[in-house]
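Let's walk through this one together, one feature at a time. Bring your questions, and we will go from the general idea to the case at hand.

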Amino acid sequence: MFSLIEAAGWPVWPIIFASIIAVGIIGERIWSLRQSVVAPKDLLPRVLNEYKRSGVTLDMISKLQRHSPLGRIFAAGLQNEHSPREIMKESIEEAGRVVTHDLDRYLTTLGTIAALSPLMGLFGTLVGMIEIFGSNSPTGSNPAQLAYGISVALYNAAFGILVAIPSMIFYRHFRAKVDALAIEMELQALKLVETIQGERKSTSLRTDQNSGYSNR
């Protein structure tokens, strides 16, 4: 491996540095964008059960905010439990925008690496071409310099493409993953709103009925 890097010359080092960053981002996003971490499917039933049992409490809100991105959205909605439906939905939408922005973390950097890696490879190719032209002189050509220039040009082009392809694949995959998770969280948040608003209406209706009965 070291011999390949040596043959590629100094222009390959920025590509290697970019590849290390890309691998780190890919690993971190694979770990962070798991369904069980972002939007656990069992969170909504647990929240509704606790809500029906003891209502909204400060401890419940605090636990949800620390639990997951979906929990932060639920906490924003539950904090406006007694507000009208529109206010509750607006608070959830605002929290959802913040959470989605957090899920997009590092993806811009990964996309930039995918776009710039071929250009860095092209830069190395140009450096190699300069070495090739420099090998020719009025007194003859330098075979060693010619071979070195060819290796610099080819290796840098290859390394640039090699870094760009997986970076672009994972960038698009993560973008699609974030969009899917955002839709999933939105649907679960809407279910929470519908259930809480339905509970409030049912409670209000029972109170009105009981009040009417006692008056009679």
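Q: Which hand does the crossing of α6 and α7 have?
A: The general idea is to look at which way the near helix is turned from the far one: clockwise, by less than a right angle, is right-handed. In this predicted model, the crossing of α6 past α7 is right-handed.

Q: At roughly what angle do the axes of helix α6 and helix α7 cross?
A: The axes of α6 (residues 69-78) and α7 (residues 85-103) cross at roughly 160° and come within 8 Å. Angles over 145 degrees count as roughly antiparallel, and therefore α6 and α7 are roughly antiparallel to each other.

Q: Which residues of α6 and α7 meet?
A: On the α6 side they are P69, R72, I73, A76, G77 and L78. Their partners in α7 are M88, S91, I92, A95, G96, V98, V99, D102 and L103.

Q: Let me step back to the whole chain. How many helices and strands are there in the protein?
A: You will find 9 helices and 2 strands. Read from the N terminus on, the order is α-α-α-α-α-α-α-α-β-β-α.

Q: What share of the residues of the protein count as buried, and what part of the contacts do residues 24 or more positions apart account for?
A: Buried residues make up 35% of the 216 in the protein. Among contacts with a separation of 6 or more, 77% are between residues 24 or more positions apart.

Q: Now aromatic pairs. How many are there?
A: The idea is to take ring centres that lie within 6.5 Å and then compare the planes. The count here is 3 aromatic pairs. One of them is W10 with F123: the centres are 5.9 Å apart and the planes are at 70°, so this pair is edge-to-face, the cut-off being over 60 degrees.

Q: Which parts of the chain does the pair of W10 and F123 link?
A: Distant ones: W10 sits in the loop between α1 (2-8) and α2 (12-32), while F123 belongs to helix α8 (residues 107-134), 113 residues apart. W10 is exposed, at a relative accessible area of 53%, and F123 is partly exposed at 43% relative accessibility.

Q: Why does the pair of F170 and F174 count as tilted?
A: Planes under 30 degrees apart would be stacked and those over 60 edge-to-face, with the rest tilted. The planes of F170 and F174 are at 35°, with ring centres 5.8 Å apart, so the pair is tilted. F170 and F174 are 4 residues apart in helix α9 (residues 143-215), which means a separation of about one helical turn.

Q: Are F170 and F174 buried or partly exposed?
A: One of each: F170 is partly exposed at 27% relative accessibility, whereas F174 is buried at 2%.

Q: Rings can also have a charge over the face. Which residue lies over the face of W31?
A: That is R34, at 3.7 Å from the ring centre.

Note on methods. Residues numbered from 1 in each chain as written. Predicted model: local features only at pLDDT ≥ 70, side-chain atom pairs only at ≥ 80, totals over all residues. Heavy atoms only, no water. Phe/Tyr/Trp six-rings, centres within 6.5 Å; stacked < 30°, edge-to-face > 60°. Buried < 20%, exposed > 50% of the residue type's maximum accessible area, 1.4 Å probe, protein only. Lys NZ or Arg CZ within 6 Å of the ring centre and 35° of its normal. Axes fitted to C-alpha atoms, helices over the stretch in contact; angles between N-to-C directions. Parallel < 35°, antiparallel > 145°, perpendicular 65-115°, else oblique. Contact = heavy atoms within 4.5 Å.
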